[in-house]
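Please open the structure in your viewer, with the sequence panel beside it, and keep a selection tool ready. The stops below are meant to be followed in order.

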Amino acid sequence: PKYYSNLNKYLMNNSKQAHEDLKKSGRKEAIHMQIMRYMYRYGEATFSDIAKYYKVHESTFWRRMSEVERAGLIEKTGKNKLSHTTNKYLTLWKLK
């Protein structure tokens, strides 16, 4: 248990540091812009759709979608879409 507790703290600290580094680099805003360009072009999408379009790993977009939602630019459609990579249902987003 102590090992897992220390590992969890390590991972959380690295995650927070990675997020801060992403913000400082300007990359976070660039990712938000990629999301919006895709949404304006196609109207709705999952983070997986956008990642496939830009040919990057899905993790690039999955956390950023809720940030763009909090900015009031997109919203959940109330529908889910089957992922082309994991065969799991993912949230479908649309322009607000």
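Two strands are said to pair if DSSP finds at least two bridges between them, and the elements themselves are DSSP runs numbered from the N terminus, with helices (H or I) of at least four residues and strands (E) of at least two. This is a predicted model, in which local features need pLDDT of at least 70 and side-chain atom pairs count only at pLDDT 80 or more, while totals for chains, interfaces and linings use all residues. Residues are numbered from 1 along each chain as its sequence is written, and side-chain values use heavy atoms, with hydrogens and water left out.

**The sheet.** Select E1, E2 and E3, which form an open antiparallel sheet in the order E1-E3-E2. Because E1 and E2 stand at the edges, each with a single partner strand, one side of each is left without a neighbour in the sheet. Now pick Lys 76, whose bridge partner in E3 is Trp 93, and then Ile 74, whose bridge partner in E3 is Leu 95; E2 and E3 are joined by six bridges.

Select Thr 46, in the loop between E1 and H3. Thr 46 counts as buried because its relative accessibility is 2%, where buried means under 20% relative accessible area, exposed over 50% and partly exposed in between, with a 1.4 Å probe and protein chains only. Setting aside residues up to four places away in sequence, Thr 46 touches Lys 81, Leu 90, Thr 91, Leu 92 and Trp 93, a contact being heavy atoms within 4.5 Å.

**Helix H3.** Which residues of H3 are buried? Select residues 47-54 and highlight Phe 47, Ser 48, Asp 49, Ile 50 and Ala 51. Among the elements that cover them are H2, H4 and H5. Just after H3, Lys 55 takes a positive phi of about 60°.

**The core.** Finish at Ile 50, which, leaving aside neighbours within four places in sequence, is in contact with Ile 35, Tyr 38, Met 39, Ala 45, Phe 61 and Met 65. A nonpolar core is a set of buried Ala, Val, Leu, Ile, Met, Phe, Trp, Tyr and Cys residues joined through side-chain atoms within 4.5 Å. In the largest one, of 15 residues, Ile 35, Met 39, Ile 50, Phe 61, Met 65 and Ile 74 touch the most other members. H2, H3, H5 and E3 each give two or more residues to this core, and H2 gives the most, with five.
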